[in-house]
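Dear colleague,

Please read the notes with the model open beside you.

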Amino acid sequence: MTRPQLSRPPLTGASQGFFAVEIEPETFDVWMLDQRLLPGEILYHRYTRPDEVADAIRSMVVRGAPAIGISAAYALAQVARSQDGDAASFLVANGAAGRVLDGTRPTAVNLAWAIARMSRRASEVAAEAPADRARAMREEAEAIHREDVTACRAMGALGARDVPRGATILTHCNAGALATGGYGTALGVIRAAFEADPTVRVLASETRPYLQGARLTAWELHADEIPVEVITDGMSGHFFARGEIDFVVVGSDRICANGDVANKIGTFTHAVLAHVHEVPFTVAAPWSTVDLRCASGAEVPIEQRSREEVARIGDRVIVADGIGCRHPAFDVTPAKYVHAIYTERGRVAPAAGERPEVLRK
Ligand code: MRU
C-alpha cells in the first residue's frame, strides 16, 4: 500500500499504513484517500483548492464525522493561504468558504464544530501578516486533527474495559481510522479491546447502500489482523437470537443533549435488537460529536441521499426504472437503548438516565 510522502510524519499515527486526510505543511495541499474506491483500489487525490475539498466531502471521497470536520479545517487553512488582503477581506473569505463547507453534509455536527473553531481562530489572527495568519490557521487545523487521534485513543481504552472477554462485537458502518483523524472511535474500542484480549472477534454489518462496513471496516480490521466477518444488515437479528453477539459498538454523527444518538442508517435496528437480547449497545465518539444545543433526536437534520445509491449496487441496477427508493443516510437511536457513550472526557450511560451534559467542562 503506498501513501504520499509528506514533509513530516502523518498526524494519523505512524503505525497506520494509510490515511484518510492530511495536509502538506509547506504547500497546504490536502491529500485524501478516495474511500469510494476501497477496497479495490488505493488512490490518493491531491487538492490544492478549498472548493475541491468541499466537493470531496460532498461526494464521499472522505466520509465519517470527525474526518469531514478535519477536512473542512484544512480547507479553511487553504483559504487563509490564498488571502493576501486586509483582515476584513480575509474574514469575509473565511466566512464564505465556511458556509459552503457547512452545506456539504448536514448530519455530522463535527463539520460545523470544526468550522466554528477555525472561524474563532481566524478572528484572533486576522490582523496578522498573511503568511503568519495562514500558518496559524494550518496549525489550528492540525491541532484539530491531532486532538481527534488522542480522543480516539482515550475513548478506545475506556470502551475496551466494558468488552467481555472473548466477545464477538458487532459494529455498523465505518467508524475507524478512515472516518477520523486516525485509530477510530468504534474501531478504536475494538482495537484497544483486541490489544488487551486477542480472542475478541468482529461482525461488521455491510451497511447498505454505501457498504462502509463491507468495504471499509472489514478492510481496516483485516489489515490489523483483527478477526472480522461481514454480515448483511438484515442478519444481525439471527446472530443476536443465537447468542452470537456479546457487545455492540458504533460511532456517531451527532449525540443529542438527552443522549439520543444519530448514526448511519441501520444503527437503530441493531440497537433495538441488542436491547431485546440484553446485549450492551454502545457508542464511541469525540466530544466534538456531542451537540448539547440539540435537545433530542427529533431535531437532528437527516441527510437524504440519492435514489441511485439504493437502486444500484455498483453498475448493476437492482430496482427497475420508475420505482421510487427512499434513502435517509442516518437514523436516530433513542437514549433508552444506549447502554454507554464513550468520549475522551469519560463515559455516560443514557439508558440509566445519565445525560452527556455531565461531561461538560
Ligand atoms: O455517510 P458516512 O460514511 O459519512 O457515515 C459515517 C457514519 O455514520 C459513522 O458511523 C460516523 O460518522 C462516525 S465516524 C467515527
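By class, the shell around the ligand holds 7 nonpolar, 7 polar and 4 charged residues (Ala, Val, Leu, Ile, Met, Phe, Trp, Tyr, Cys and Pro count as nonpolar, Asp, Glu, Lys and Arg as charged, and the others, Gly among them, as polar). This is a predicted model, in which local features need pLDDT of at least 70 and side-chain atom pairs count only at pLDDT 80 or more, while totals for chains, interfaces and linings use all residues. Residues are numbered from 1 along each chain as its sequence is written, and side-chain values use heavy atoms, with hydrogens and water left out.

Domain 1 (21-152) and domain 2 (157-359), with bounds from an automatic or database domain assignment, both give residues to this shell, so the ligand lies between them. A polar side-chain atom of R105 lies 2.8 Å from an oxygen atom of the ligand, and for N263 the corresponding distance to a ligand oxygen atom is 2.6 Å. The protein covers 99% of the 410 Å² of accessible area that the ligand has on its own (Shrake-Rupley method with a 1.4 Å probe).

As for the backbone, the peptide bond from L38 to P39 is cis, with omega near 5°, and R208 and P209 are also joined by a cis peptide bond, with omega about 0°. M60, although not a glycine, has a positive phi of about 70°. For context, most residues other than glycine have a negative phi, and most peptide bonds are trans.

Best regards

Methods
Polar contact = N/O pair within 3.5 Å; in protein donor to acceptor, adjacent residues only side chain to side chain.
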